[in-house]
Amino acid sequence: MQSRFLLLFLIMAGLVVAFAPLPAPAVAPQARTFRIDARQYAYSPSELKVNQGDTVTLQLVSTDVVHGLYVDGYDVSVEADPGQSATLTFTANKSGSFRFRCNVTCGAMHPFMIGKLTVGTNNWLYRSVGLAFLAVVSVNLSLKQKA
Amino acid sequence: MAKIELTRSTFIKNALKSRYPQLKVFIVMLIGYIFAILAGLIGTPVGSHNFSIVFVWIAWWAILILVAVPFFGRGWCAVCPIPLPGEWLQRGAILNPPDKRPKWLNQRVPKMFRNIWMQNISFLLLALFSSVLLTTPNITGIVLAAMLFAAIGLSTVFERRAFCRYLCPVGGFIGLYSQTAPIELRIKYKQVCVKCEGKPCYNGSTNGYGCPWDVFPGGLTKNTYCGLCMECIRTCPHDNIAVNLRPFSADLAKPSTRMDEAFKAFIMLGSAMIYAGVLLGPWGMFKDAAYNVGSSAWFVYAIIFLAIIFVILPGFFTLGILNTKNVLPLKQRFASLSTALIPLGLMFWVAFSLSFVLTNASYILAALSDPLGLGWNLFGTANTAWRPMLTSILAPAQTLALVGGLIWSARTAQKAANEIRTSSISIIVFSFILTLVMLWLLL
């Protein structure tokens, strides 16, 4: 009986950690512009941070061959010819961590030409850490119960 | 959950006993394998448009790590085409045993090689060059051809499937992770095997060949070295071999005591973490170092890669178990408790592969229509645009895999620790910390 109650409690706690709404920090949206240099097989800078609601402009400058930039989750992209630049503007209305990656075959390591855009707080990472912690606690509790 | 004997079904049993269904799959696989070699050698050098890269490292890899290994264990080995030409040559037959077999050297593999250290080394060799291997068609073609010829060569010198059992870089980790799979091949009654004369399952008979994996089925207690080739089902004169459905990770209840298997767990765990950082991370300098084989940066990368696998991870693991009260020697505790890293490593690979495969799966349709990148359009899908798939569920799926792997690992650690009468806490903390690192790398 006690172990069933514990299991139910842990499942409820897991659901709260995974899905409970979190307060978003109130930051006024801004226009943010980044110049990103693209070369085989890296972006510079490769990690971008913006606030949720910001209008983001990415100026992609290709320094060697044709490169693209596709943002996972936003489904927007831009391509730049060698030595040229191209601009992509979108509103960062979804929070979390998103990979951006080259969407024009640019050479052998093309599938791994990746950058990272963080919009607001990467809540999913923190939720996952919470779930992992809960998992360890639950396994240890079950161990103690058996003992 | 009790075991369910699948071979009680006459349909399944007959399908497994007959050589023809397996042969049909073998032939399709062998044609695909040889085509992958040719595509790698003569097709376009653009990896994302070449059959060898797209079908081996995206399609096959996805099926292997996301479906075949977790659910069928060594199911891939049952249909793998690599040992076939060598085995046919060794046996002098494609189907049933011939009246007169060819006289090859038929040597036993020397005792010092009868472990999985060679598989650990062959996997690491490929892993250190993986950035080139995964992206360069002619390198993939050469490696696939080398594996085929190595299997043929070893079949002419040694008995049975020496390549599969002792050298195959893929077979090593499939064997390790097959212990978690809900399927097994086992004997039904031990006494039947004890009294059986001639042991045809191991030595062969007119009905079939002796175990190609050099395993006596009567002594099977875990999946690691059973290749599910089904030869023993054909040769057993007492109908004493069964294929069973069973609970996941049943084999892990009895922890390993072997250092080669323990280090295999560390190699796989460490490789998944390194790949998650290097290949899927945003750090260009790591990718440059991994790709530019032979450069000083690559040597640094290789040293760090090996240090993580052979020093840092096992070092922290050992520190964790150093002060646990136990009469067993440290080496034995190390080997036994590392069993907990098997489900953790498997789920790390699942989480890593989900990202890699879902992002690149759309290349499969294009490569299907134009496998050599020569401008063909066989099925009208050659111009399918690249687009990542299911990106909205990727992060939750990866969390599910990693947290699920952590729970699985913690439960396995408890069982292994109980078995050798020690504490599992340090192993659980170790697994927790590695899971946090993997979450940070992937999310």
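Q: Into which domains is chain B divided?
A: In this predicted model, chain B is divided into domain 1 (4–178) and domain 2 (255–442).

Q: How many residues of domain 1 of chain B are in contact with domain 2 of chain B, and what distance separates the centres of the two domains?
A: A pair of domains can be described by the separation of its centres and by the residues that meet. Here the centres, taken over C-alpha atoms, are 22 Å apart. On the contact side, 40 residues of domain 1 of chain B meet 42 residues of domain 2 of chain B.

Q: Which residues touch the most other members of the largest nonpolar core?
A: The general idea is that in soluble globular proteins nonpolar side chains tend to be buried together. In this model the largest nonpolar core has 170 residues, and B:Phe173 and B:Trp349 touch the most other members. Domain 1 (4–178) and domain 2 (255–442) of chain B each supply at least three residues to this core. Beyond four places in sequence, the contacts of B:Phe173 are B:Trp61, B:Leu64, B:Ile65, B:Phe123, B:Lys264 and B:Met268. Another core, of six residues, lies apart from the largest one; B:Phe26, B:Leu30, B:Trp88 and B:Leu95 are among its residues.

Q: Is B:Leu23 buried or exposed, and what does B:Leu23 touch?
A: B:Leu23 sits in helix α2 of chain B. Its relative accessible area is 14%, below the 20% cut-off, so B:Leu23 counts as buried. Leaving out residues up to four places away in sequence, B:Leu23 touches B:Trp88, B:Ile94 and B:Leu95. A C-alpha distance relates sequence to space: B:Leu23 and B:Val79 are 56 residues apart in sequence and 8.7 Å apart in space.

Q: At what angle do helix α2 and helix α3 of chain B pack?
A: A helix pair is read from the angle and the distance between the two axes. For helix α2 (residues 19–42) and helix α3 (residues 51–72) of chain B, the angle is about 130 degrees and the axes are 7 Å apart. That angle is why α2(B) is called oblique to α3(B). On the α2(B) side the contact is made by B:Gly32, B:Phe35, B:Ala36, B:Ala39 and B:Gly40, and on the α3(B) side by B:Phe51, B:Ser52 and B:Val56. By class, the residues of this contact are five nonpolar, three polar and no charged.

Q: Which residues of helix α15 of chain B are buried, and what covers them?
A: An α-helix has 3.6 residues a turn, so residues three or four places apart point the same way. In helix α15 (residues 284–291) of chain B, the buried residues are B:Gly284, B:Lys287, B:Ala289 and B:Ala290. Their cover includes β1, β2 and β9 (114–119) of chain A, and also α7 (130–133), α14 and α16 (296–322) of chain B.

Q: What does A:Ala132 touch?
A: A contact list can cross from one chain to another. A:Ala132, in helix α2 (residues 123–146) of chain A, touches B:Val403, B:Leu406, B:Phe432, B:Leu436 and B:Leu439, with residues up to four places away in sequence not counted. A:Ala132 is buried, at a relative accessible area of 0%.

Q: Where do cis peptide bonds occur in chain A?
A: The omega angle is the value to read. One cis bond joins A:Gln40 and A:Tyr41, with omega about -5 degrees. A:Tyr41 lies in the loop between β1 (31–39) and β2 (42–44) of chain A. Another cis bond joins A:Ser44 and A:Pro45, with omega about 0 degrees. A:Pro45 is in the loop between β2 and β3 (47–50) of chain A.

Q: What is the phi of B:Asp214, and what is that of B:Ser249?
A: B:Asp214 is not a glycine, yet its phi is positive, about 60 degrees. B:Asp214 lies in the loop between α12 (200–203) and α13 (231–235) of chain B, and is buried at 16% relative accessible area. B:Ser249, also a residue other than glycine, has a positive phi near 55 degrees. B:Ser249 is in the loop between β3 (241–245) and α14 (259–278) of chain B, and is buried at 11%.

Terms used
Residues numbered from 1 in each chain as written. Chains lettered and ligands numbered in written order. Predicted model: local features only at pLDDT ≥ 70, side-chain atom pairs only at ≥ 80, totals over all residues. Heavy atoms only, no water. Axes fitted to C-alpha atoms, helices over the stretch in contact; angles between N-to-C directions. Helix = DSSP H or I, 4+ residues; strand = E, 2+ residues; numbered from the N terminus. Parallel < 35°, antiparallel > 145°, perpendicular 65-115°, else oblique. Contact = heavy atoms within 4.5 Å. Nonpolar A, V, L, I, M, F, W, Y, C, P; charged D, E, K, R; others polar. Core = buried A, V, L, I, M, F, W, Y, C linked by side-chain atoms within 4.5 Å. Buried < 20%, exposed > 50% of the residue type's maximum accessible area, 1.4 Å probe, protein only. Domains from an automatic or database assignment.
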